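Please work through the following exercises with the sequence and the structure open beside you, and try each task before you read its solution.

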Amino acid sequence: MRVREFVYAAGLFTVVAVPGCGHSIEGTAVAADGAANNSRSTEGTWIGSYHCAQGATGLTLTVQSSGRAEFEFYPLPENPTVPTGRFAMQWQTEPGHLVFRQSSWIDRPGSYRMVDLIADRTDNPAILSGTVTGEGCSTFWLSRDRT
């Protein structure tokens, strides 16, 4: 639990520091540079948080080299009423970004909707962060699970 709390604190800082919170993004983001991430450095489990209309929410993203991923969300101590849920995703590299697109529900709570993620390419291979694309959503921040 200590890892999630640390990651959440860092994620909350990211949410506060990013202008334009709450706007939906449509389409695919493409950077001017040709940087790309390979599947070996992305594959694995990432733990952190994201922010949407329901508030700060825990997130575990499990990424496979096959281009598949699983998005699992859950409550945080600061927001205990969030339900748990999971959905499948497909991911690919694009210049300067990793793009995770929603695929199908595995465990859908009530009327929750799936979202997409656009991760910015950084020099830190232990961090994934970027934009959550969905109505009322803003950012996410994840660190590689080393356990």
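**Exercise 1.** Find out which residues Ala-126 touches, leaving aside residues up to four places away in sequence, and decide whether Ala-126 is buried, partly exposed or exposed.

*Solution.* Begin with the place of the residue in the chain: in this predicted model, Ala-126 lies in the loop between S6 and strand S7, which covers residues 127–133. Next, collect the contacts, and you will find that Ala-126 touches Trp-46, Leu-142, Ser-143, Arg-144 and Arg-146 when residues up to four places away in sequence are not counted. Finally, consider the accessible area, which for Ala-126 has a relative value of 21%; buried means under 20% and exposed means over 50%, so Ala-126 counts as partly exposed.

**Exercise 2.** Follow strand S2 and describe how it pairs with S1 and with S3, and state how many of its residues are buried.

*Solution.* Start with the strand itself, which spans residues 55–63 and is mostly covered, since 8 of its 9 residues are buried. On the S1 side, 9 bridges join S2 to strand S1 (residues 44–52), and the two run antiparallel; Ile-47 stands opposite Thr-60 in S2, and the hairpin formed by S1 and S2 has 2 residues between the strands. Turning to strand S3 (residues 68–74), you find antiparallel pairing with S2 over 6 bridges, in which Thr-62 has Glu-70 in S3 as its bridge partner. The hairpin of S2 and S3 has 4 residues between the strands, and there Gly-67 takes a positive phi near 95 degrees.

**Exercise 3.** Work out in which order the strands close into a barrel, and examine how S5 is joined to S6.

*Solution.* Trace the pairing from strand to strand, and you will see that 8 strands close into a barrel in the order S1-S2-S3-S4-S5-S6-S7-S8, with antiparallel pairing. Neighbouring strands of this sheet are turned against each other by 30 degrees on average, if direction is ignored. Now look at one pair in detail: strand S5 (residues 97–107) and strand S6 (residues 116–120) run antiparallel and are joined by 4 bridges, and Phe-100 stands opposite Leu-117 in S6.

**Exercise 4.** Determine how many aromatic pairs the whole structure holds, and which residues the ring pairs link into a cluster.

*Solution.* A search of the whole structure finds 7 aromatic pairs.

Note on methods. Residues are numbered from 1 along each chain as its sequence is written. This is a predicted model: local features need pLDDT of at least 70, side-chain atom pairs count only at pLDDT 80 or more; totals for chains, interfaces and linings use all residues. Side-chain values use heavy atoms; hydrogens and water are left out. Two strands pair if DSSP finds at least two bridges between them. Axes are lines fitted to C-alpha atoms, for helices over the stretch in contact, and angles run from 0 to 180 degrees between N-to-C directions. Buried means under 20% relative accessible area, exposed over 50%, partly exposed in between (1.4 Å probe, protein chains only). Contact means heavy atoms within 4.5 Å. Rings of Phe, Tyr and Trp (its six-membered ring) pair if their centres lie within 6.5 Å; planes under 30 degrees apart count as stacked, over 60 as edge-to-face and the rest as tilted.
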